[in-house]
Amino acid sequence: MTLNVRPASLDDADAITVIYNQGIVDRVATLESTLRTPAERCEWLAQRGLRHPVIVGDANGEVVGWASLNQFNPRDAYAHVADFSIYVERGWRGKGVGTALLARLIDLARTLGSHNIVLAALPHNEAGLALYPRAAFTRVGIYHEQGKLDGRWVDVLLMEKIL
Ligand SMILES: CC(C)(COP(=O)(O)OP(=O)(O)OC[C@H]1O[C@@H](n2cnc3c(N)ncnc32)[C@H](O)[C@@H]1OP(=O)(O)O)[C@@H](O)C(=O)NCCC(=O)NCCS
């Protein structure tokens, strides 16, 4: 497989929507429960600032994953902290796409002047919990019963990497 990791364009909105909605429906990746539309993702892509890029993994013209650097907190004191999202298409998981996307995100965060990069994950996300320590993220702790998904309390695991 040849994977080209490149900046996302508005033309990628359809694929990004499908891949994000898979992650939402799976109930393992995120506390988000509202499905997205291509129009909404186009607007989301168009509004990204320079410090919060979106990238895609492109396998011979097929978008098989996407990732983004996100604002952690709007206060100036947190300007050096980047949060991120990462989603791989179901049929492409476990093939190295997430590893490649995360490596590029970390490079981008460094280049854009971030000092640390953080994430919040669901503790039962086995793929995520395998991926992040391999990129030298360390565990900060757990918010207990922070989310409520489908009527059940969900813990949230926090991790960080100082750049
Ligand atoms: C989490 C996710 C981004 C990981 O990307 P991926 O392309 O599947 O992961 P990779 O193939 O790069 O694998 C990374 C490592 O995790 C391991 N891994 C992958 N899937 C795994 C799983 N289901 N269980 C245990 N380990 C797993 C791999 O073996 C690999 O380790 P290695 O380098 O020692 O072989 C991807 O599975 C995904 O998009 N999941 C749904 C959305 C999601 O959970 N996003 C993260 C929200 S916090």
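User: What makes the largest pocket the space taken by the ligand?

Analyst: A molecule sits in a pocket if more than half of its atoms lie within 2 Å of the pocket's grid points; the ligand is assigned to the largest pocket. This is a predicted model, in which local features need pLDDT of at least 70 and side-chain atom pairs pLDDT 80 or more, while totals for chains, interfaces and linings use all residues. Residues are numbered from 1 along each chain as its sequence is written, and side-chain values use heavy atoms, without hydrogens and water.

User: Why is this space called a pocket, and what is its volume?

Analyst: On a 1 Å grid over the protein atoms alone, a pocket is an open set of points with protein on both sides within 12 Å along at least five of seven lines, whereas a cavity is a set where a 1.4 Å probe fits but cannot get out. The volume, the space filled by probe spheres set on points joined across faces, edges and corners, is about 1200 Å³. Lining residues have an atom within 4 Å of a point; among the 46 here, Ala-29, Ile-86, Ala-120, Asn-125 and Tyr-132 are closest to the centre.

User: Which residues come nearest to the ligand, and which element supplies the largest share of the shell?

Analyst: A residue is near if one of its heavy atoms lies within 4 Å. Of the 20 residues around the ligand, Val-88, Gly-96, Gly-98, Thr-99 and Arg-134 come nearest. Helix 4 gives the largest share of the shell, seven residues; helices (H or I, at least four residues) and strands (E, at least two) are DSSP runs numbered from the N terminus.
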